Amino acid sequence: MSESNASPFDMDSSSFDAEKYLERLLKDCSLRQIMDTEAAVVKDTQTLHSDMQTLVYENYNKFISATDTIRKMKDDFKQMESDVNLLMTKMQSITTFSEQITGTLQGTRSQLCRLSEKHSLLKRLQFLSTLPGKLKGLIEEQNYAQAVQDYLHAQKVFAQYGRQPSFDGIQKDCDAIMADLKETLRQDFQRAGNTAQSLTEIGELLLQLDEKTSDLASEMLTCAGKRLHELIVMLQDQTERDMLEFVDMGIDGFLNDLALVVTSYFDMFVAKHYEQERDDFQENALLELNIFLNQNIDKYLTLVQDRVESDIGYGDTQVMLRALDRLHRRLQAMRNICRGLEVQRNTVDIIIGAAHQLCDAHAKNLKDHFADSLSAVRLSLVSAKSDAATGLNLSDLISNLYVAMVEKIKGVLQDLLIFLRTDWSFNIKAEHKGALCVEGIRENLLIGFLRHISKVMCGFGDASSSSPPNLLLVLSKTCLELELQGVHILIALVDDLYEIDSENSATLTHETEICAEMRETAHALLDAYVRLQGANISQMLRKSVETRDWLNCLEPRSVRAVMKRVVEELGSIETVVASLYEGTGNPTGFRTTASSDSSRKTYFSNFTASKPQYRSNWSNYTPSQLESSYVSNIHRLFSERVDIFTSVEFTKASIVMGIIKIGLKTLLECVRLRTFSKYGLQQIQVDAHYLQMNLWRFVSDENLVNFLLDELLGSAVQRCLESVLMEPNAVEIICERG
């Protein structure tokens, strides 16, 4: 139910009627509601009473203070009223005395005015009579400004009384004296070595002596240019001073003189209008001044730029930027002073050029540091005494090389960040060239160096580089580490530090491109490592085949030493590779159990004395059905082709398998070029079985090894004059004993 503001039933209304409210309450409400209303009214009354007491207590001190202030104001007003009354009395007295003095002096006032005028005239006449002597004295004292001022002051008197014979002589004497002074001033104006302050003062005096304005303007710029050139030459000799002192000298000397010449010239020839000159004189004077200003600033900034270029890479970059910041502030101030003039060149271009040059210097330092790091890695590998020790040290070498490169790049990026400090007066990112420079730090420095790393490392994988195998392994793993995390860390860092939005840029190199290049380089190095190690194994096997007389062999009693050496070499290689790449199987990288191939012990089939028959997949062919060459060709036709020089994966098993394939393929080709006797064939059988017994530990798929060994024995059988194989049990006994 809503009631109006004037309702007699609203306690907050001024028209509230307690009797009516009570009657309505008794009429409409139950006893319980009446008691609740009473309790609410009592509670509200107590609350209001408490709030009122609190308000009184809080403002009690204010009330007391206000009372004291009012009492004090009453006392002060009483004192002020008495002072004002006294002042009125004194003012009335002063007015009375003033009226009395005015009345007394009324008669002599006109007489005093006439006497004052006569006194002033006599002083001017006395000034004129002594003027020639005074001018000579001032000129002897070289107080030229005062002499010119006195002469110009006397011209007004000469204009009024110059027709008098006595004054005419004085005027001629003064004119002759000032003519000599004018000539002296011209000579001083043209004298070499004058400061800008001296040129300005002499120019002002010559203008006051009615020197031709256009000639004086041209001559002033010529003389000032000579003086500024002397300052430039002096600054060129200050090579021993640091950059801050060099710039301070230029500001205090060259720029201050230039600013003084420009402002003085502007005030004398541009800001003033000369009746005797042409209408376009001021416009031409401003144009000449603009050319003069830009020519001299260009000379000075070229000198500064040469100094900056000579200091880059040798001096302190922060000191250099502090100096350039001061110079930038000074040139900004000159722009504000030189109204109507346009300074075309500024220090931001020099700063951007310095940033580019420093980027190039840092890029060279990074490349030199990288070359030194590679030399240190090669030296460490050469000084290693054993393969086991080398294997343990390779991880440390990779870690040191990786950390050294990444930290060096981070340090360079932090150093270059000094160009973007917010307390500098310049902001290179606001300029288009500066924005390109910042992107150049990312592209030319960081991306360029990462590509340099990839290119240099890839060069070690060339066949003509003769790099140590373990160096190829170290570099490959380092490239892989860069691809997995280093590239992302560095590119994210440069994008964050320099606020570069590379994700939405069509011109900037994306992270995935560099990662792909690093992975490609890592693959190429790993393939080169496999080829090199495979070539080393192949060299041993090739020499062992080519240097032996296989037609006059004795019956085999042991495995040839070269086969044992090959197995040992492969074991050493696997140990080194396993320290860098995870293998399949147990943590040591070696397989501890053979496959369930039941033909392992009887892998090579028996051959009859007449014709060969080997491997279970040849068991269907009998000597009466096919010649061995036909069987061999059909076997190759239906066998899966084995790619020897395929790209390996970043796993231990793939790397070692690639080396084994190269070695076995070389052995196979060497066997195909030799002719064997019966015992020569049996020696190949023993060697092949020994390899088969040991190589399975290094690979994840031993079927490929078995296939190559099968090809090896098959080729030996075909090249044998008497194809008789040794009994399998005898072969096993020899291999287990050997």
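Predicted model: local features only at pLDDT ≥ 70, side-chain atom pairs only at ≥ 80, totals over all residues.
Biologist: What makes up the protein chain, helices or strands?
Modeller: Helices. The chain has 23 of them and 0 strands. Buried residues account for 41% of its 738 residues.

Biologist: Why is M726 called buried?
Modeller: Its relative accessibility is 8%. The cut-off for buried is under 20%. M726 therefore counts as buried.

Biologist: Where does M726 lie?
Modeller: In the loop between helix 22 (702–718) and helix 23 (728–737). Y679 is 47 residues from M726 in sequence, and the two C-alpha atoms are 8.8 Å apart.

Biologist: How many aromatic pairs does a search of the whole structure find?
Modeller: It finds 6. F370 and F449 form an aromatic pair, with 6.2 Å from centre to centre. Ring centres must lie within 6.5 Å, so this one qualifies.

Biologist: Why is the pair of F370 and F449 called edge-to-face?
Modeller: Their planes stand at 90°.

Biologist: What does the pair tie together?
Modeller: F370 belongs to helix 13 (residues 347–383) and F449 to helix 15 (residues 432–460), so the pair ties together parts 79 residues apart in sequence. Both F370 and F449 are buried.

Biologist: What makes K477 count as a charge over the ring of Y581?
Modeller: The charged end of K477 is 4.8 Å from the centre of that ring. The distance cut-off is within 6 Å, and the charge must also be within 35 degrees of the ring normal. K477 is found to sit over the ring of Y581.

Biologist: Which residue lies over the face of F246?
Modeller: R307 does, at 5.1 Å from the ring centre. That distance is also within 6 Å.

Biologist: How do you know where empty space is left?
Modeller: A probe the size of a water molecule is rolled over the atoms, and this shows where empty space is left. In this model, the largest pocket holds about 310 Å³ of space.

Biologist: Which helix gives the largest share of the lining of the largest pocket?
Modeller: Helix 11, with 7 residues. Helix 9 (213–236) and helix 11 (281–311) each supply at least two residues.

Biologist: How many residues of each class are in that lining?
Modeller: There are 7 nonpolar, 5 polar and 3 charged residues.

Terms used: Residues numbered from 1 in each chain as written. Heavy atoms only, no water. Phe/Tyr/Trp six-rings, centres within 6.5 Å; stacked < 30°, edge-to-face > 60°. Helix = DSSP H or I, 4+ residues; strand = E, 2+ residues; numbered from the N terminus. Buried < 20%, exposed > 50% of the residue type's maximum accessible area, 1.4 Å probe, protein only. 1 Å grid on protein atoms, 1.4 Å probe; cavity = no way out; pocket = protein on both sides within 12 Å on 5 of 7 lines; lining within 4 Å. Points joined across faces, edges and corners; volume = space filled by probe spheres on them. Nonpolar A, V, L, I, M, F, W, Y, C, P; charged D, E, K, R; others polar.
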